[in-house]
Amino acid sequence: MILVRDIRLPLSAGEEQAKAQALKILRLPAGRVGRMGVSRLSVDARHGRPKLVYTIAVTLKDEGEEPAFAGSSPCVALRAEPQFTLTHGAEKLPGRPVVCGLGPAGLFAALALARQGFAPIVLERGPALDERVRAVERFSATGQLDGNANIQFGEGGAGTFSDGKLTTRIGDPLCGYVTRVFLEHGAPAEIAWQQKPHVGTDLLRGVIASIRREIEALGGEVRFHTALTGLRTEHGVLTGIATTAGELPCRVLVLAVGHSARDTFEALMDGGLQLSCKPFSVGFRAEHLQSEIEKSLYHEAAGHPALPRGEYQLSQQVNGRGVYTFCMCPGGQVVAAASEAGGVVTNGMSYHARAGRNANAAVVAGVGPADFGGDPRRAIAFQRELEARAFAAGRAGGLYAAPAENMVSFLEGRGELKVGRVVPTYDRGVAPADLGSLLPAELAGALRAGLRAFDRKLAGYTAPEAILTGLETRTSSPVRLERGADYVCTQLQGLYPCGEGAGYAGGIMSAAVDGLRAAAAIVGRYRPAGD
């Protein structure tokens, strides 16, 4: 793929003019083009009249010709096609590998193993997607929570009920391979060239189920409603696992349980494994009118039909503690993401069209091992305590309603909620509450300082109508299970911790890549039992 950057056009121009300019820069006849699309579009309003700044992605019908155009201009670059080739190791694997968890890490680990002939067994504590969607919709409508079928657990993991963002900062070349797999299974074609690709919750569900069906077609087996409850070991080597469906012999286990599998973390620690405490973050969901965010970002160009839905990412250091926005969902909604009874958890999601009236994003402050004396059990207990406080504070609004207040009220510690143009989208309803009182004073103070800094960076961020809904506690796993460069757990041979739950990823793309890397380590050491 060829990228042609820094194409500057007036607001009156559009995508077709940008494509024509890209071809002119490349000196390329249109007949040789396979596909073209907008990879990135921004507004430059620094010097008088705003201009649209395009990056155009071009794929030729004969992709072998693309390198010849890479140096045709300083604004032209080549994005190489990702390669993911594996060679079986010499050691014969006794039995089939087991993958625990069918979120992005487990899904892509299982896919890679299945494509290499290992016929993995995949355990998922929750149900298949259709049943999971019904459980999530039932909880949203009635407050009846299923601890194994919710926004955190079930086929596809927590990422299935999100914006479907495929952006990441890990810079791993396998990101392109993950994108290719998504495209093979029905994701929108534009994710191949967009700088900030997103699939959307509505479309991502079908993609996830299609990948699972490929795993099954290649000999893999997915066992839903089956949770890991313990490990069986001999002399520091994994020999089997205990599950809610019984015991299973196992010499290779990919542990990809996700960031909310607290009972699994506790079972591992009770069984003798030492987990370490890692940084994570807590805070709220901030909601603004999407149109107001775009006015702050695009200025006079706001509302231009060529522009994408406006997104932001803000951060500020406050007394050595990071305060930042996370998982920004343009045109999305705040969702009830609880997975344990008596706790309120918020998250954000949006559909592919991002057509909702509100923008939402997590606004969170970092915590880490020093806050919990390095004790992972204390970190997990801290999350649970915050979620219980949020549950109690929102109870006046109904079962699993969330506490909420205007952003200005939070800054002043008043605990007031006045609904104006910004209408809260949290699906279980909200109740007015003093959000600052639900957090330790230091964290509440850091969040207030961070919000004031954000307002200086993005005009109108703390507008009186903006609303905070709490609490956001599941930004990432609070624990890590240490592994070596070979992806094997340093405490147990045969155990391959990966993904968000094991503390090695954050988001769909990085988790999927980590699952691929874990599978590659297994394939590089073993050959399938049938060989």
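**A walk through a predicted model**

Let me start in a loop. Histidine 299 lies in the loop between α7 and β15, the latter spanning 315-318. Keep in mind that this is a predicted model. Phi of histidine 299 is near 55°. That is a positive value, in a residue other than glycine.

Now to aspartate 6. Its phi is near 60°, again a positive value in a residue other than glycine. Aspartate 6 has its place in a strand, β1, residues 2-10. With a relative accessible area of 44%, aspartate 6 is partly exposed.

One more backbone detail. The peptide bond from glycine 470 to leucine 471 is cis. Omega there is near -5°. Leucine 471 sits in strand β22, residues 467-472.

Next, a helix pair. Two packed helices are described by the angle between their axes and the distance between the axes. Take α2, residues 104-115, and α4, residues 174-184. They pack at an angle of about 80°. Their axes are 12 Å apart. Angles of 65 to 115 degrees count as roughly perpendicular, so α2 is roughly perpendicular to α4. Which residues make the contact? From α2, Phe108, Leu111 and Arg115. From α4, Tyr177, Val178, Val181, Phe182 and Glu184. By type, the residues of this contact are six nonpolar, two charged and no polar.

On to empty space. Rolling a probe the size of a water molecule over the atoms shows where such space is left.

First, the second largest pocket. About 830 Å³ of space lies in it. It is lined by 26 residues. The closest to its centre are Arg40, Leu41, Pro308, Arg309 and Glu311. Two elements give two or more residues to this lining: β2 (33-44) and α7 (290-298). Which one gives the largest share? Strand β2, with seven residues. The lining divides into 12 nonpolar, seven polar and seven charged residues.

Last, the cavities. How many of 30 Å³ or more turn up in the whole structure? The search finds three. The largest cavity holds about 50 Å³ of space. Leu255, Val257, Phe265, Leu268 and Leu275 are among the residues that line it. Helix α6 (262-270) and strand β23 (479-480) are the elements that give two or more residues here. The lining of the largest cavity has eight nonpolar residues, one polar and one charged.

Key:
Residues numbered from 1 in each chain as written. Predicted model: local features only at pLDDT ≥ 70, side-chain atom pairs only at ≥ 80, totals over all residues. Heavy atoms only, no water. Axes fitted to C-alpha atoms, helices over the stretch in contact; angles between N-to-C directions. Helix = DSSP H or I, 4+ residues; strand = E, 2+ residues; numbered from the N terminus. Parallel < 35°, antiparallel > 145°, perpendicular 65-115°, else oblique. Contact = heavy atoms within 4.5 Å. Nonpolar A, V, L, I, M, F, W, Y, C, P; charged D, E, K, R; others polar. 1 Å grid on protein atoms, 1.4 Å probe; cavity = no way out; pocket = protein on both sides within 12 Å on 5 of 7 lines; lining within 4 Å. Points joined across faces, edges and corners; volume = space filled by probe spheres on them. Buried < 20%, exposed > 50% of the residue type's maximum accessible area, 1.4 Å probe, protein only.
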